[in-house]
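Dear colleague,

I am handing over the structure we spoke about, and below it I set out what was found.

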Amino acid sequence: MTVESTAARKPRRSAGSKAGGTGTGRTTRAGAGKSAEPELVQLLTPEGKRVKNAKNAEFVQYVAGVTPEDLRGLYRDMVLTRRFDAEATSLQRQGELGLWASLLGQEAAQIGSGRALRDDDYVFPTYREHGVAWCRGVDPTNLLGMFRGVNNGGWDPNGNNFHLYTIVIGSQTLHATGYAMGVAMDGADSAVIAYFGDGASSQGDVAESFTFSAVYNAPVVFFCQNNQWAISEPTEKQTRVPLYQRAQGYGFPGVRVDGNDVLACLAVTRWALERARNGEGPTLVEAYTYRMGAHTTSDDPTKYRADEERESWEAKDPILRLRRHLEASNHTDEGFFAELEAESEALGRRVREAVRAMPDPDHFAIFENVYADGHALVDEERAQFAAYQESFATESDSGFAAGTGGN
Amino acid sequence: MADNVTTKNLALAKAINESLRRALETDPKVLVMGEDVGKLGGVFRVTDGLQKDFGESRVIDTPLAESGIVGTAIGMALRGYRPVVEIQFDGFVFPAYDQIVTQLAKMHARSLGKVKMPVVVRIPYGGGIGAVEHHSESPEALFAHVSGLKIVSPSNASDAYWMMQQAIQSDDPVIFFEPKRRYWDKGEVNTEAIPGPLHKAQVVREGTDLTLVAYGPMVKLCQEVAAAAAEEGKNLEVLDLRSVSPMDFDSIQTSVEKTRRLVVVHEAPVFFGSGAEIAARITERCFYHLEAPVLRVGGYHAPYPPARLEEEYLPGLDRVLDAVDRALAY
Ligand SMILES: Cc1ncc(C[n+]2csc(CCOP(=O)(O)OP(=O)(O)O)c2C)c(N)n1
């Protein structure tokens, strides 16, 4: 085999397929021979209309009890999450944060799935799940510590059953699986959800988590946010089949949901969680969505993707969609939006002030929590560090200077 | 030299880029692989423009799977290719660690020398750029402990250019640690020069009172330390190791026999680090020459800290000067 022949067999991308609507383009190609029907589960069109079709029939019951108040709640969650995200992005631009991974465009996937969870369920996020964290009641300012560079996490995962952000791609899917195996061993009926991206689906850890969860029938929901890109690489560079179809090979169901439709995400996640609770094992949910911003604030998407693509997805904006629905159904009045606007602004202000007030960590934090039991070498290095600092304090008034430890 | 058109002033990252370009041009078997190396040119733009000029089958955007990247590179090497793979950041090499340690490193020995493994694994490493977790580590000792791997780290643009040429030409696997905080430092690169041996250390500043040994990102720091010490009348020699495995102990010995004092500086944790190996060997070789114990300056036995603490964690001018003073005080 030569590399040339590999190249010849590489997937051909038809022009514009990346921008190709709600997945029709790609699913058609992958499901060659099948109908061109979108494989997406959708309950709310981009115009904000409720739809009923064969594909969503199984799932509508899971949102049958959703009240107008619930809908307003989902809307509020999405708006506030977006506001928080926008604030964090500008704080990064102002030098208050070292980096930010924006969730812009993925609000419905995160709020829909996040609101499907029960308090005793456990969440394993990656590093972009700010909306899910919001649903879990994690104070948004807690998410900013690692991006500001003052800690490597910053919250107690057991406080809200929301694990720490995981930066190494895919690792957390195995943790989720193991946790879920433990839940099953305990005879509990809570469920576990693992978030990851389309890029992550290529990692060995993710494949192994599929294997383990299937073999042990673990109560875990794999929630893949396919936002179309892994930094500069489109999903085509990770897979030749729609991602949700991967599940079949492992022996559990996979479903693709319109990730910009908060109601559909809620319904499908509830369904998957119910399966887990009923002892029916893992499910893969692929939320088909779009990363509207850069991968992170250090990324430059103009190097690899066209503006038109983003524009086509803006038409499917998850927040706009629900707003249209709320307005068309007379579920809101102007007061609602005005109040929410004010609440948003207040949140932005609170986040901004909290970040600016966030102190740099104590220098000795380097040596904290390295071991649960303590360790002689750490103690020795801490003492050297302290002695070295002291030597500077007496020598000049130039304040703190670099420590000596590690020598 | 003045009108030598082959000398260019290049940033270290650009020097690697030009070196890869040269390798791709001269040897059709050379391939570049990794996450985002194509259109984006890598997150540090080290592979910028290469896919445009050499095509998608020679500059390959891979799936997001490090074990896959190294494992398939091994297969391609078995087929006669010379892959140069990029691991995006130091902390992400571990999914590939199994392939590197159990397969890449051992294939030559396992095949009784029948199989060559001309694979280069490029890893931007080290701290000082204010990044989040897993983006600032120095795992070289974890690889140096493994036989069958060569480990190198250039400190300047010229070495980056030439050492990459040599790494690609090597029939052994080379872990090529790129000092990411020096990516933007410029230096003269003579693309026609005849480079010195890949594993030879280089005296980058002559001195008589003490030897500072470093590699990669810490060489520049040690040069600054030597300059600062010179103002206090101390005459330090600075040795750029360039290669961690094999290591040029002869050059360290020669220098230490002259200066009689040695301080080793690296970013990686001191405990079980490359400095420990240097201290042990040099103590053995130069016992009667040494006027002071070999001292080491490096990271702590603690996770790499969040960005706002990294200045405390990383060896800086003062910490190295302090070690120099202590060595001189014996
Ligand atoms: C093991 C590992 N390799 C590489 C990286 C660098 N990296 C960070 S995010 C990312 C892309 C992730 O894409 P995807 O899984 O689709 O998630 P998204 O960021 O799009 O939500 C890469 C390559 C990493 N964090 N971990």
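In which helix of chain A does A:Val215 lie? Please keep in mind throughout that this is a predicted model. A:Val215 belongs to helix H10, which covers residues 204–215 of chain A. The relative accessibility of A:Val215 is 59%, and because exposed means over 50%, this residue counts as exposed. Together with A:Phe212 and A:Tyr216, A:Val215 makes up a nonpolar patch on the surface, and the accessible area of the three together is about 320 Å².

The other part of the findings concerns the ligand. There are 20 residues around the ligand, and those that come nearest are A:Tyr127, A:Arg128, A:Ile167, A:Gly199 and B:Glu66. The site is shared between chains, because the residues that surround the ligand come from chains A and B. By class, the shell around the ligand consists of 10 nonpolar, six polar and four charged residues.

A polar backbone atom of A:Ile167 is 2.8 Å from a nitrogen atom of the ligand, while an N or O atom in the side chain of A:Asn227 is 3.0 Å from an oxygen atom of the ligand. From chain B, a polar side-chain atom of B:Gln88 lies 3.5 Å from a nitrogen atom of the ligand. As for cover, the ligand taken alone exposes 580 Å², of which the protein buries 95%.

Note on methods
Residues are numbered from 1 along each chain as its sequence is written. Chains are lettered from A and ligands numbered from 1 in the order in which they are written. This is a predicted model: local features need pLDDT of at least 70, side-chain atom pairs count only at pLDDT 80 or more; totals for chains, interfaces and linings use all residues. Side-chain values use heavy atoms; hydrogens and water are left out. A residue is near a molecule or strand if one of its heavy atoms lies within 4 Å of it. A polar contact is a pair of N or O atoms within 3.5 Å; within protein, one must be able to donate a hydrogen and the other to accept it, and residues adjacent in sequence count only if both atoms are side-chain atoms. Accessible areas come from the Shrake-Rupley method with a 1.4 Å probe; for residues, only the protein chains shown count as cover. Ala, Val, Leu, Ile, Met, Phe, Trp, Tyr, Cys and Pro count as nonpolar, Asp, Glu, Lys and Arg as charged, and the others, Gly among them, as polar. Patches are made of residues with over 30% relative accessible area and no salt bridge: like charges are joined within 9 Å, nonpolar side chains (Val, Leu, Ile, Met, Phe, Trp, Tyr) within 5 Å. A salt bridge is a side-chain nitrogen of Lys or Arg within 4 Å of a carboxyl oxygen of Asp or Glu. Helices (H or I, at least four residues) and strands (E, at least two) are DSSP runs, numbered from the N terminus. Buried means under 20% relative accessible area, exposed over 50%, partly exposed in between (1.4 Å probe, protein chains only).
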